[in-house]
Amino acid sequence: MRTIIEPFRIKMTEPLPITTRREREAALTSAHDNVFLLDAEQVTIDLLTDSGTGAMSDRQWAALMLGDESYAGSPSWRHFEKTVREITGFKHIFPTHQGRAAERILAATRLKAGNVVPNNSHFDTTRANIEYVGARAVDLLTPEGLDLYSEKQFKGNIDLARLEQLIEAEGEENIPFCMITVTNNAGGGQPVSMKNIESAKELLRKHRIPLIIDACRFAENAYFVREDEKGFADRSLLEIAQEMFSLADGATMSAKKDGMANIGGFFACNDDNWAEDFRNLLILTEGFPTYGGLAGRDLEAIAVGLMEALDYEYQRYRHATVEYMAARLVSRDIPVVRPPGGHAIFIDAAAFCPHLAPCDYPGIGLVNALYLEGGIRAVELGSVMFGKPAAGDRGEIAAPHELVRLSFPRRVYTQSHFDYVIEVLDLLRQQRDSIKPYRIIKQAPFLRHFTAHFSCDA
Ligand code: F0G
C-alpha cells in the first residue's frame, strides 16, 4: 500500500481550544508578543516543540502504575537502566530530570573556562550550559548543512576538516570532549550518517578527545540511517542505535523527545572517573543516582518509550507526516529547509519575508502571524534565539539563518490538523507583505527567547 497510516488508534481525546481572532490578538498582546508567554489554552495547534508534548501509549500508561517510588534501588530504576544499557551499551547510566540537567552536570564536571567544545550544532541549552562555565561552544556544520536548500542527505554531519583544524588551532588538551547532535535540531533536524560519526570518532581517538552524542532524537536518526545510508537497509533501528552509541564515549539525552515521555533524561558514559564526578554533582542537585530527579513511574514510562521510538512502523509513519507537510508547503512556494528533517518543518522566514532584515526578527513576525491567523504556535530559531550582542555598542550579530520551526509532537496531531496548518501558511504567504517587524524591549542575559518582551513597529 502507498498510504502510510498511523500505526495506532486513539483511545483518549483532549479538546482543542478554538478561539476568535479578537481573542488571539488580546492574548498575544498580554503575552508581550512572545508566544512562549501565552497560556496553552489560547493555542489551537501547538507546534512550539516536540519536547515532552507527545502522547504516551497504553503500555506507557500501564507502566506508570508499576512505578516503584523507593528512594534507592527501585525496580523501576533497574528497568530504566537495563533498557538504556541495552540501547547504548554504556557502563554508567544516570537519570536526570531532563536533557539540560545532564548537560549542566557534564559541563560543570568536565569543563574549565577557556575550553572549547565542538559540535555539529549546539542546541541552545547545550550552548548556554557550556558558556555558563566560561567555555566556548563551536558549531562545525558542513557547507551542505549550512545550505538550507541543498537536497543532500545527512546535512547534520559534522565537518571533519574543520574539526581537525579546530583541534590543531586550540590544542587537544583544551578540548575535553566533542559532541555530535542526532538529529541536528538547531540545523533543521537533519540527520548524521553513521560514516560521519565513525570518521569523527577515528579523528578524535587520535587526539584522545572523547565523543559525546546528544542523543535526543537518536531513533529518528537511526531511521534516516536505515533508509538512506548504504548497508543498513536490513538492520533494525535498535541495531543501528547500538552501533552508533558503540562509537561514542558517552551521551546526554532528553527523554522528552525519543524517550516518548513527558519528562526525563539521562547521562551515560564508560569512564569511571567521569561517572564518579557526575554522580557526586547529581546527588547535590538532581537526587540519588537511582532516580536522578524523576519519579519511579517516569523511569518506567521512559523505559517503555525508548523501545517504542525504535519501532520501525512508528518511525515510518512519523517521517511520512513530516514529508507530507513539507511536500505541500514546497508546492505552495513556501520556503522550507530541504530535505525535511525528522521532527519538524523549518521555514526560512528571511525568504518568506523578504521585506524584513534580520534585525527586524522576521521569525518572530512569522510566528506571531501564524498565531494571529490560525491559533498555531511555532518557535523562532533565528536571531532572537541564536543572535548575540556585538562588541561595544554596535547592535547585534545576526544568526546565520532566520528559521521558524513547526515541531511535530509525537502521536498527537492527525492529517487534518496538518492540512489546517498548510492552509494557514498558504494564506500568510499571500499576505506576506503585512508581516511586521519586531523589536526586543526586554530580555534576559541568556536564553532570552523564552522570556523576551517584543513590540511591533507598525
Ligand atoms: N539537545 C537538543 C538537541 C535538544 O533539542 C534539546 C531540547 C536539549 C538538548 C535539551 O533537552 O529540553 O530536556 O532539557 N530541545 C527542546 C526543543 C526544548 O524544543 O527542541 P531538555
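Okay, housekeeping first. Because the model is predicted, local features need pLDDT of at least 70 and side-chain atom pairs count only at pLDDT 80 or more, while totals for chains, interfaces and linings use all residues. Residues are numbered from 1 along each chain as its sequence is written, and side-chain values use heavy atoms, with hydrogens and water left out.

So, the layout. The chain is divided into domain 1, which is 21-50 plus 311-456, and domain 2, which is 58-309; those bounds come from an automatic or database domain assignment. Their C-alpha centres are 26 Å apart.

Now the interface. On the domain 1 side 33 residues are in contact with 35 residues of domain 2, contact meaning heavy atoms within 4.5 Å. Together the two domains bury about 2800 Å², with 56% of that on carbon and sulfur atoms. Buried area here is the accessible area, taken with a 1.4 Å probe, that two parts lose on being put together, summed over both. Which three residues supply more of domain 1's buried area than any other three? They are Y312, Q315 and R338, and they supply 19% of the area that domain 1 buries against domain 2.

What about charge across that interface? Six salt bridges turn up between domain 1 and domain 2, using the rule of a side-chain nitrogen of Lys or Arg within 4 Å of a carboxyl oxygen of Asp or Glu. R411 makes a salt bridge with E308, with the closest N and O atoms 2.9 Å apart.

Which elements build the domain 1 face? α13 (312-331), β9 (344-348), α16 (383-386) and β14 (403-407) each supply at least two residues to the side touching domain 2. α13 gives the most, with six residues. Helices (H or I, at least four residues) and strands (E, at least two) are DSSP runs numbered from the N terminus.

On to the ligand. It is surrounded by 17 residues, and the closest are T49, R100, D214, S254 and K257; the cut-off is a heavy atom within 4 Å. For T49, a side-chain N or O atom is 2.7 Å from a ligand oxygen. Q98 has a side-chain N or O atom 3.0 Å from an oxygen of the ligand, and a polar side-chain atom of N185 is 2.8 Å from a ligand oxygen.

Stepping back, the whole structure has 31 salt bridges. One I like is R377 with D46, closest N and O atoms 2.8 Å apart. That pair links distant parts of the chain, strand β10 (376-377) and strand β1 (45-46), 331 residues apart.

Last, the backbone. Where are the cis peptide bonds to look at? One runs from V182 to T183, with omega near -20 degrees, and T183 is in the loop between β5 (178-181) and α8 (194-206). Another joins R338 and P339, omega about -25 degrees, with P339 in the loop between α13 and β9. Remember that R338 is also one of the trio at the interface. And M260, not a glycine, has a positive phi near 55 degrees; look for M260 in the loop between β7 (250-254) and β8 (265-269).

Key: Polar contact = N/O pair within 3.5 Å; in protein donor to acceptor, adjacent residues only side chain to side chain.
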